[in-house]
Amino acid sequence: MASSAKLEMSQPPRAAVPVKKVHYPFWFGGSASCFAATVTHPLDLGKLFLDLIGCVRLQTRGPGAPTTMLGTFGHVIKSDGILGIYRGLSAALLRQITYSTTRFGIYEELKSRFTSPDAPTSTLTLVGMACTSGFLGGIAGNPADVMNVRMQSDAALPIEQRRNYRHAFHGLVQMTRHEGPASLFRGVWPNSTRAVLMTASQLASYDTFKRLCIDRFGMSDNLGTHFTASFMAGFVATTVCSPVDVIKTRVMSASPAESHGHNIVGLLRDITRKEGFAWAFRGWVPSFIRLGPHTIATFIFLEEHKKLYRLLKGVSEEKHTA
């Protein structure tokens, strides 16, 4: 017994298995977001409609206007048929291809270049990377975001006021022709601000919650962990982005006559005077109902993209870092 213990002590310690840093393709985030947008688009439409109910130009629609998510679906289906709940899907997908591909791609690239698998990255560092990628993503995705808001909000307008864009590219051409190229970047600053807040509160918090689940609570890097971390990330993102989300929707949905002479400060002053400070969290519950599932679906699809990529590259599940 003593001799075996002595033999074990004499043996050199086993070298730690090196953790391999995997460099994922730039487009993974955009692809995952497109899958998620296809699943959750009806929720996005319902949330947008409820946001628009607070706009001055829609307050004349009368007492029949729906005020709940289910009421919104019923109104849209009655007016436009079952396919109406997917109104604006082409714009939503174009937005994910531009906005989400940029923000996820730059964030993952920065993580790949400036973090080490041997040492945990601080949350502050992740937030800084996310803010940078979110700002650039907001600019890249702004034209598609304007289209997304306009095409979805058509369902809330009287028939004679609808724009009737056939698809996202038709809408971009029509906007450029009738309102000028600058119209494609209407609301770019609140949109970029929202993109910074969204990316920081969503991507950075997901990585932080995922690390806590694995390191502190002993969870495995599996679907349960991905669901838990993404659920929490969706909660944080909804709370942080709610005020900017309301502003962005109202600016982008405004007609040229309505937006003329109004800047962000003026818009904030008008909203606060008419509705009080409660406007900042107007529609938080429907926002979470929309953003929560979208965040969960996005990260689950993203993790599956990464898992398949590691499988194709022959990287062991125990020897990689996300």
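## Contacts and helix packing in a predicted model

Me: Leaving aside neighbours within four places in sequence, which residues is T40 in contact with?
Reply: This is a predicted model, and T40 lies in its helix α2, residues 28–53. Once the neighbours within four places in sequence are set aside, the residues in contact with T40 are P293 and H294.

Me: Is T40 buried or exposed?
Reply: The relative accessible area of T40 is 5%. Buried means under 20%, so T40 counts as buried.

Me: What separates the C-alpha atoms of Y24 and H305?
Reply: Y24 sits in the loop between β1 (20–21) and α2. With a relative accessible area of 8%, Y24 is buried. Y24 and H305 are 281 residues apart along the chain, and their C-alpha atoms are separated by 9.2 Å.

Me: How many helices and strands does the protein have?
Reply: From the N terminus on, the elements run α-β-α-α-α-α-α-α-α-α-α-α-β. That order belongs to a protein with 11 helices and 2 strands.

Me: What share of the contacts with a separation of 6 or more comes from residues 24 or more positions apart?
Reply: The protein has 322 residues, of which 50% count as buried. Among its contacts with a separation of 6 or more, the share from residues 24 or more positions apart is 80%.

Me: Is α4 roughly antiparallel or roughly parallel to α5?
Reply: Helix α4 covers residues 89–114, and helix α5 covers residues 123–153. Their axes are 7 Å apart, and the angle is about 170 degrees. Angles over 145 degrees count as roughly antiparallel. α4 is therefore, relative to α5, roughly antiparallel.

Me: How do the residues of the contact of α4 with α5 divide?
Reply: This contact belongs to two helices packed at an angle of about 170 degrees. Its residues divide into 16 nonpolar, 9 polar and 4 charged.

Me: How do the residues of the contact of α4 with α7 divide?
Reply: α4 passes α7 in a right-handed crossing. R95, Y99 and R103 are among the α4 residues that meet α7, and M198, T199 and D207 are among those on the α7 side. The residues of this contact divide into 7 nonpolar, 2 polar and 5 charged.

Me: Phi of N164 is near what value?
Reply: N164 is in the loop between α5 and α6 (168–179). Most residues other than glycine have a negative phi. N164 has a positive value, near 60 degrees.

Me: How many contacts beyond four places in sequence does the model have for residues 53–63?
Reply: The protein averages a pLDDT of 80, but over residues 53–63 pLDDT stays under 50. Where pLDDT is low, the predicted coordinates should not be read in detail. For residues 53–63, the contacts beyond four places in sequence number 19.

Technical notes
Residues numbered from 1 in each chain as written. Predicted model: local features only at pLDDT ≥ 70, side-chain atom pairs only at ≥ 80, totals over all residues. Heavy atoms only, no water. Axes fitted to C-alpha atoms, helices over the stretch in contact; angles between N-to-C directions. Helix = DSSP H or I, 4+ residues; strand = E, 2+ residues; numbered from the N terminus. Left-handed = near helix turned anticlockwise from the far one by under 90°. Contact = heavy atoms within 4.5 Å. Nonpolar A, V, L, I, M, F, W, Y, C, P; charged D, E, K, R; others polar. Parallel < 35°, antiparallel > 145°, perpendicular 65-115°, else oblique. Buried < 20%, exposed > 50% of the residue type's maximum accessible area, 1.4 Å probe, protein only. pLDDT = per-residue confidence, 0-100.
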